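The exercises below are to be worked with the sequence and the coordinates at hand. Each task is followed by a solution in steps.

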Amino acid sequence: MSEQCGFCGAVYWKEEKNTAHKYTKCCHDGKIQLPAFPDAPELLKALLAENSPDAKNYRQRIREYNSALAFASMGAQIKPPRGTGPYCYRLHGQVYHRVSPRMQVTNIKKVTDSFIYLTPVSLSHKSHTVVRLAVHLPQQQSIVYQDGQEAQATERAALRKTTLTSWFELNKNNPSAHNISYSDIPQYYVFDKSTTNWKKRQLGGQNVIGRLPVVSILDTERYYLRMLLLRKSGDISFDDILTVNGLRCVTFQQACQEYGLL
Ligand SMILES: [Zn+2]
């Protein structure tokens, strides 16, 4: 593309000249002038230019994000058939998408629909591994058992660590893990299900997301524990989570209050 329109600067291949040896597919000799694109919002500029992990991730997956949030207005001539009868949606002629900044909606009736097409499930599967993290109150981790084996199952569960109790243990033994919140821990450590221990991750952490389950506010204490777990790091026990500035709170709700979260 070595050629350029003298009016708008559009680039062309030589072969695109018309019979009058002019390039006219862009602006018809300056007759059409498009407004300049508006400046990108600061956040978008940062994502496009900076070298932070978020920005790198954004540029690497820009197509997926863009497609997931694609927004378009559809334009067409709508010609409902005459007479009575069931609803019928009939379009006449061409169907087209309107995109900014060229979009000028002169006849609003023409815009039949606006839609956002989201594919969050496929997107998360493609780009990130989601690690589910347990959120349970002391001694209330879920237990799976068969009829008649409740006692053994309870005993087994008492010995088995969950991702949460194992996180306490990790913090007890590894001061280097103290700056990492519970939800971020899967980026740096892998939960080994056989030993129920968090082990230092060797690679691939940038594509891992820790996810805490959604907890109903009716499940009050668990709800507030989750709120604390999203923010706190370095805790070595439930007691530790309940202790705010040396004060041992009675409930997780009270701890949230002491932290000014409520
Ligand atoms: Zn031009």
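**Exercise 1. Pro53**

Task: State in which helix Pro53 lies, and decide whether Pro53 counts as buried or exposed.

Solution. Pro53 belongs to helix 2. The model is a predicted one, and the classification rests on a neighbour count. Pro53 has 11 C-beta neighbours inside 10 Å. A residue is exposed if that count is 12 or fewer, so Pro53 counts as exposed.

**Exercise 2. Helix 1 and helix 2**

Task: Describe how the axes of helix 1 and helix 2 cross, and determine which residues make the contact.

Solution. Two packed helices are described by the angle between their axes and the distance between the axes. Helix 1 covers residues 42-49 and helix 2 covers residues 53-60; their axes come within 7 Å and cross at roughly 80°. Angles of 65 to 115 degrees count as roughly perpendicular, and helix 1 is therefore roughly perpendicular to helix 2. On the side of helix 1 the contact is made by Ala46, Leu47 and Leu48, and on the side of helix 2 by Asp54, Ala55, Tyr58 and Arg59. By class, the residues of this contact comprise five nonpolar and two charged, with no polar residue.

**Exercise 3. The largest nonpolar core**

Task: Identify the residues with the most contacts inside the largest nonpolar core, and state which helix gives the most to this core.

Solution. The largest nonpolar core holds 21 residues, and those with the most contacts inside it are Trp167, Ile185, Trp198, Leu225, Leu228 and Phe252. Two or more residues come from each of helix 6 (163-173), strand 7 (189-192), helix 8 (220-231), helix 9 (238-242) and helix 10 (252-258). Helix 8 gives the most, with five residues.

Trp167 itself, leaving aside neighbours within four places in sequence, is in contact with Tyr182, Ile185 and Trp198.

**Exercise 4. Positive phi in loops**

Task: For His28 and Asn245, give the value of phi; then find the loop that holds His28 and the loop that holds Asn245.

Solution. Most residues other than glycine have a negative phi, and most peptide bonds are trans. His28 has a positive phi of about 50° although it is not a glycine. His28 lies in the loop between strand 2 and helix 1, and counts as exposed because it has 12 C-beta neighbours inside 10 Å. Asn245 likewise has a positive phi, near 50°. Asn245 is found in the loop between strand 10 (243-244) and strand 11 (247-248); with 6 C-beta neighbours inside 10 Å, it counts as exposed.

**Exercise 5. Trp13**

Task: Locate Trp13, and explain why Trp13 is classed as exposed.

Solution. Trp13 is placed in the loop between strand 2 (11-12) and helix 1. Trp13 is exposed because 10 other C-beta atoms lie within 10 Å. Leaving aside neighbours within four places in sequence, Trp13 is in contact with Met1 and Glu3. Met1 is 12 residues from Trp13 in sequence, and their C-alpha atoms are 4.5 Å apart.

Notes. Residues are numbered from 1 along each chain as its sequence is written. This is a predicted model: local features need pLDDT of at least 70, side-chain atom pairs count only at pLDDT 80 or more; totals for chains, interfaces and linings use all residues. A nonpolar core is a set of buried Ala, Val, Leu, Ile, Met, Phe, Trp, Tyr and Cys residues joined through C-beta atoms within 7 Å. A residue is buried if 20 or more other C-beta atoms lie within 10 Å of its own, exposed if 12 or fewer, and partly exposed in between; C-beta atoms are placed from the backbone. Helices (H or I, at least four residues) and strands (E, at least two) are DSSP runs, numbered from the N terminus. Two residues are in contact if their C-beta atoms, placed from the backbone, lie within 7 Å. Axes are lines fitted to C-alpha atoms, for helices over the stretch in contact, and angles run from 0 to 180 degrees between N-to-C directions. Angles under 35 degrees count as roughly parallel, over 145 as roughly antiparallel, 65 to 115 as roughly perpendicular and the rest as oblique. Ala, Val, Leu, Ile, Met, Phe, Trp, Tyr, Cys and Pro count as nonpolar, Asp, Glu, Lys and Arg as charged, and the others, Gly among them, as polar.
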